[in-house]
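Subject: Structure handover

Hi,

Here is the structure I promised to pass on. My notes follow below it.

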Amino acid sequence: MEISNSGIDTVVLSIGATEQFGPYLPMHLDTLIAEQFADTYGKELNAYVLPTIPFNTSEEHANFKGTVTVSPNILTSLLEEIITNLIRQGFKKFVVCTGHGGSYWELAFVKHINYKYPQIILVTANHNNQTAWEEAVNKAGLHGLNEIHGGLLSVCTAMWLCPELVKTGSMGSDIPSENRLYADYLGWDRLTQDGCWGKFQVGIYSHEELAEKGKLFWNTFINKRAEGLKKILDEGYRRKTLV
């Protein structure tokens, strides 16, 4: 009843992942990140925020025990089912956000849904990604960060969001630059030493410093991505549905 009487016409769909993060970090880290995105976007847009889906296209990690990966066809079909149900209830504007960098299906899905359903709009918050990343790195003091997955930033993130689940230990290794050519074609068990594409060395920062860096990075990054999102969503909807 509260949602029915609210006048809310916007929905935030968030998708995390359940995948390996090296030998010492929890496997639901991307899901916790996606929840942070969804919470911030929901407040910015006064939106209905759905529970975060904890599975994604994590094929590159699938040879590590415990990782769960689903095909892009299954995932996007599920999301479309959710959207069509909510369209029937009067929702008109949708935002999709992911906590997993390997969500390559996202942009194709957004394009397809906007074509298929002319009466609604679906957007992502990718309008200022590069600026947001640079500001977040600087704010957190992570200059020179060279990480794709499972290095210092991942440890900082986990120490902020779920410190009780972190086993601190040095992990990661120097990954040959040519391995990037195969990152989307081979499992990372063939390209990395322990699943980490980045490095973390115990003893450089205290637990409190790691957690603070994680908090500073993600709050800066997510808030920057939220800037201007409402304007894009509202103006995009107006232009798309203009008769």
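Asn-46 sits in the loop between α1 (29-45) and β2 (48-49). Helices here are DSSP runs of H or I with at least four residues, strands are E runs of at least two, and both are numbered from the N terminus. The phi of Asn-46 is near 50 degrees, a positive value in a residue other than glycine. Asn-46 counts as exposed because its relative accessibility is 54%. The cut-offs: buried is under 20% relative accessible area, exposed is over 50%, and partly exposed lies in between (1.4 Å probe, protein chains only).

Some ground rules. This is a predicted model: local features need pLDDT of at least 70, side-chain atom pairs count only at pLDDT 80 or more, and totals for chains, interfaces and linings use all residues. Residues are numbered from 1 along each chain as its sequence is written, and side-chain values use heavy atoms, with hydrogens and water left out.

Strand β1 (residues 10-15) pairs with β3 in the parallel sense over 6 bridges. Pairing requires at least two DSSP bridges between the strands. Ser-14 stands opposite Cys-97 in β3. Strand β4 (residues 121-123) also pairs with β3 in the parallel sense, over 3 bridges. There, Lys-93 faces Ile-121 in β4.

β3, helix α3 (residues 105-116) and β4 form a right-handed β-α-β unit. Right-handed means that, with the strands pointing away from the viewer, the path from the first strand over the helix to the second runs clockwise.

Ser-103 is in the loop between β3 and α3. Ser-103 counts as buried because its relative accessibility is 7%. Leaving aside neighbours within four places in sequence, Ser-103 is in contact (heavy atoms within 4.5 Å) with Asn-56, Thr-57 and Thr-98.

Leu-181 lies between β5 (171-172) and β6 (199-200). Leu-181 is exposed, with a relative accessible area of 59%.

Best wishes
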